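Subject: Structure handover and findings

Hello,

Here is the structure for you to take over.

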Number of protein chains: 2
Amino acid sequence: MAENPVRFGIIGCADIAKKVARAIDLAPNAVLHAISSRSIEKAMNFAATNGLPEAVNIYDSYDQVLDDPCVDAVYIPLPTSLHVHWAVLAARKKKHLLLEKPTALDVAELDRILEACESNGVQFMDGSMWLHHPRTAKMKELLCNFGPLDFIHSQSTTSATSEFLESNIRAQPDLDSLGALGDLAWYCIGAILWAKDYQLPTTVTALPVVIRNSAGVILSCTASLHWDQPDRTVATIHCSFLSHSSMDLAISASKGSLHVKDFIIPFQEHSASFDFTLGAKFADLHIGWNVKPKELHTASQLPQEALMVQELARLVDGIRESKSHPESKWPEISRKTQLVVDAVKKSIDFGYIPVNL
Amino acid sequence: MAENPVRFGIIGCADIAKKVARAIDLAPNAVLHAISSRSIEKAMNFAATNGLPEAVNIYDSYDQVLDDPCVDAVYIPLPTSLHVHWAVLAARKKKHLLLEKPTALDVAELDRILEACESNGVQFMDGSMWLHHPRTAKMKELLCNFGPLDFIHSQSTTSATSEFLESNIRAQPDLDSLGALGDLAWYCIGAILWAKDYQLPTTVTALPVVIRNSAGVILSCTASLHWDQPDRTVATIHCSFLSHSSMDLAISASKGSLHVKDFIIPFQEHSASFDFTLGAKFADLHIGWNVKPKELHTASQLPQEALMVQELARLVDGIRESKSHPESKWPEISRKTQLVVDAVKKSIDFGYIPVNL
């Protein structure tokens with residue numbers, strides 16, 4: 001444990017908060033200081049079932065976390081429609097922000113959050129854990145040798161129960177109106193932007209194959225992204241609550257290709273793999289290939305969510321101790337991802353039109 | 001060697017003919033009887049460099065192959081624009097047909113070929129070798145447990161030299177005007193139809209990202225296919241002469257997913273693999289999965305192209321010896337594949353409109 005760990009408060013006891021509470025515990029430079037729920041029973045139950053130390057404060061309102069002067073940073077796993085209110089309030093109270101994805105219902109809301117963060121000098125980061133896995137850095141290193149990217153496909157699917165599809169937070173129009181687009185495609189879009197060094201696509205077009213629940217929330221959608229220059233790249237994303245679990249990222253470029261099947265949540269916690277091919281050619285007579293894909297394993301001492309917390313805490317500590325500026329990379333990544341989410345949404349809403357960015 | 005092997009003639013000494021000449025040699029029920037080229041030097045050189053037995057007849061015109069009464073079946077690897085002429089002529093001369101893909105420039109041409117085959121009682125089969133690999137049957141067996149298919153992505157890419165892109169047969173408008181769509185997407189479309197048990201899609205839409213060479217031939221394109229019922233399935237294809245070699249097929253369904261990275265030409269000749277996941281769920285706290293993909297290897301005594309020749313020869317032998325009817329499955333598969341190729345072409349030609357089938 002660091003001498004002066006960054007103290008986290010959690011606003012809302014959603015399921016995902018269990019994973020992040022554990023991550024805060026595992027991160028060497030962070031400590032959980034407070035949790036909150038609008039129901040004290042729910043908060044106490046959360047503390048008990050997750051074995052939180054007695055030192056953790058248990059509050060029955062979110063405001064208490066924001067008013068606690070000991071809290072340096074807050075993690076907000078609330079339904080997306082509540083993000084703008086609580087995130088802006090948290091920033092005004094000088095709390096650094098770890099905000100669950102999707103960051104907001106649209107980029108206008110996200111801009112209000114980011115402006116609040118900037119004017120209050122607090123760090124912003126969204127909850128895209130996979131970006132912090134060492135495998136991700138290793139893949140990026142390899143991609144640098146691939147030449148111009150030709151095609152990227154990414155999909156995130158999961159088979160939800162019919163109860164989930166009609167009543168879960170992520171399928172309710174007043175809570176998470178983006179549905180699978182916000183919950184799952186966020187990752188696919190993020191992965192494609194990551195592969196393209198965060199260059200925004202020229203055009204985003206949704207395919208006319210959207211499936212919605214009875215309340216109109218997106219349960220499944222598909223879209224294409226393309227870049228006109230400097231390299232012509234095409235990408236497709238697919239997200240669905242109606243399919244078997246998949247978390248695919250496949251990248252083809254002029255000199256190599258890369259495949260990973262668990263890019264969002266690795267199959268195992270301490271080791272993750274991907275495979276790639278460089279310089280593939282067909283053998284004489286086209287009866288085989290000169291190379292087979294190579295599998296590369298990356299070990300991780302800490303799970304990716306703990307690495308995420310550790311990175312945020314490192315930045316917060318820099319701001320707190322050395323008066324350094326917040327790192328602009330993380331809000332920029334979130335904003336570009338949200339912009340593309342918005343473009344897919346707009347394309348769907350306006351009859352699958354191409355949306356230029 | 002069977003007692004009465006089916007005797008093949010090859011019309012045109014294209015590069016791919018070397019692979020098929022070897023396959024005819026390997027197939028236990030087939031024998032190479034004649035080869036032909038419009039240049040006798042080219043034909044003699046083909047015979048010498050491929051170590052063909054002296055018994056193989058070498059002709060300097062395609063007509064000589066068709067007029068040779070000993071030839072039972074012909075393999076036609078000519079440029080696509082020449083298929084309709086030579087395939088119809090071959091059928092009229094009662095030669096069974098192994099026709100290289102794409103089968104024709106459009107389905108109207110293919111129908112002329114298929115009508116000639118039907119009225120002359122000869123077997124038709126296109127050169128999609130991968131359909132004959134035992135791995136393909138094994139994948140199909142597994143797919144039966146997957147439930148409704150949600151999403152399929154298939155791509156076939158290869159990095160061609162700039163010389164190829166401007167002057168190869170497959171990039172010349174008067175020889176193979178379908179370019180990468182005919183040469184590469186044929187496989188992707190075939191694989192998707194195969195996965196969907198040859199149910200034609202409701203709608204085919206090309207994406208506005210086509211790249212052409214100076215003569216207007218397609219070097220790269222992307223399209224989406226979707227089915228409205230009984231199951232809602234979405235598929236995407238991508239083909240390109242401008243990218244690293246890839247031959248991907250990824251299928252997600254309600255209960256399982258499957259990935260193969262070399263579905264057209266296996267990495268190795270005598271063994272091929274794919275991987276699949278059935279019943280995947282996330283571990284508690286979403287810190288891993290309950291299962292990892294399983295890799296399944298399928299051995300093959302003969303290369304897939306020899307299995308293709310063997311299957312055609314088996315059908316020809318049945319027709320020859322037992323007066324059985326030609327097998328309708330193979331022309332039906334080709335025709336449906338060609339219909340979807342045509343739909344992608346139409347979508348591109350008319351400004352990326354959705355084309356209903």
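Conventions first. This is a predicted model, in which local features need pLDDT of at least 70 and side-chain atom pairs count only at pLDDT 80 or more, while totals for chains, interfaces and linings use all residues. Residues are numbered from 1 along each chain as its sequence is written, chains are lettered from A and ligands numbered from 1 in the order in which they are written, and side-chain values use heavy atoms, with hydrogens and water left out.

Strands of chain A

Helices and strands are DSSP runs, numbered from the N terminus (helices are H or I with at least four residues, strands are E with at least two). Buried means under 20% relative accessible area, exposed means over 50%, and partly exposed is in between (1.4 Å probe, protein chains only).

Start with strand β7 of chain A, residues 149-159. Of its 11 residues, 9 are buried, so β7(A) is largely enclosed by the rest of the structure. Two strands pair if DSSP finds at least two bridges between them. β7(A) pairs with strand β12 (residues 242-253) of chain A in the antiparallel sense, over 9 bridges. There, His153(A) has Ala250(A) as its bridge partner. β7(A) also pairs with strand β11 (residues 233-240) of chain A, in the parallel sense and over 7 bridges. In that pairing, Phe151(A) is bridged to Val234(A).

A histidine at chain B

Strand β12 of chain A holds His244(A). This residue counts as buried because its relative accessibility is 4%. Which backbone nitrogens of chain B lie 3.1 Å and 2.8 Å from a polar atom of the His244(A) side chain? The nitrogen of Gly279(B) is at 3.1 Å, and that of Ala280(B) is at 2.8 Å. A polar contact is a pair of N or O atoms within 3.5 Å; within protein, one must be able to donate a hydrogen and the other to accept it, and residues adjacent in sequence count only if both atoms are side-chain atoms. Contact means heavy atoms within 4.5 Å. Leaving aside neighbours within four places in sequence, His244(A) is in contact with residues of both chains, including Thr157(A), Ser159(A), Ala253(B), Lys255(B) and Leu278(B).

Helices

Helix α5 of chain B (residues 107-119) has 13 residues. From first C-alpha to last, α5(B) reaches 18 Å, close to the 18 Å expected at 1.5 Å a residue. The expected span is 1.5 Å times one less than the number of residues. Its buried residues include Val107(B), Leu110(B), Ile113(B), Leu114(B) and Cys117(B). An α-helix has 3.6 residues a turn, so residues three or four places apart point the same way. The cover over the buried residues of α5(B) includes α4 (83-92), β5 (96-99), β6 (124-126) and α11 (329-349) of chain B. Asp106(B) caps the N-terminal end, with a side-chain oxygen 3.2 Å from the backbone nitrogen of Ala108(B). Just after the helix, Gly121(B) takes a positive phi of about 65°.

Now helix α9 of chain A, residues 185-195. Here 11 of the 11 residues are buried, so α9(A) is largely enclosed by the rest of the structure. Just after α9(A), Asp197(A) takes a positive phi of about 50°.

Rings

Rings of Phe, Tyr and Trp (its six-membered ring) pair if their centres lie within 6.5 Å; planes under 30 degrees apart count as stacked, over 60 as edge-to-face and the rest as tilted. Over all chains, the structure holds 14 aromatic pairs. The ring centres of Phe274(A) and Phe276(A) are 6.2 Å apart and their planes at 40°, so this pair is tilted. Phe274(A) and Phe276(A) are buried. In chain B, the rings of Phe274(B) and Phe276(B) have centres 6.2 Å apart and planes at 40°, so that pair is tilted. Phe274(B) and Phe276(B) are both buried.

Trp130(A), Trp194(A) and Phe263(A) are linked into a cluster by ring pairs. The charged end of Lys140(A) sits over the ring of Trp194(A), 5.0 Å from its centre. Lys140(B) lies over the face of Trp194(B), at 5.0 Å from the ring centre. The criterion is NZ of Lys or CZ of Arg within 6 Å of the ring centre and within 35 degrees of the ring normal.

Two single residues

Ala171(B) is in the loop between α7 (162-167) and α8 (179-183) of chain B. With a relative accessible area of 1%, Ala171(B) is buried. Asp183(A) lies in helix α8 (residues 179-183) of chain A, and it counts as buried at 7% relative accessibility.

Best wishes
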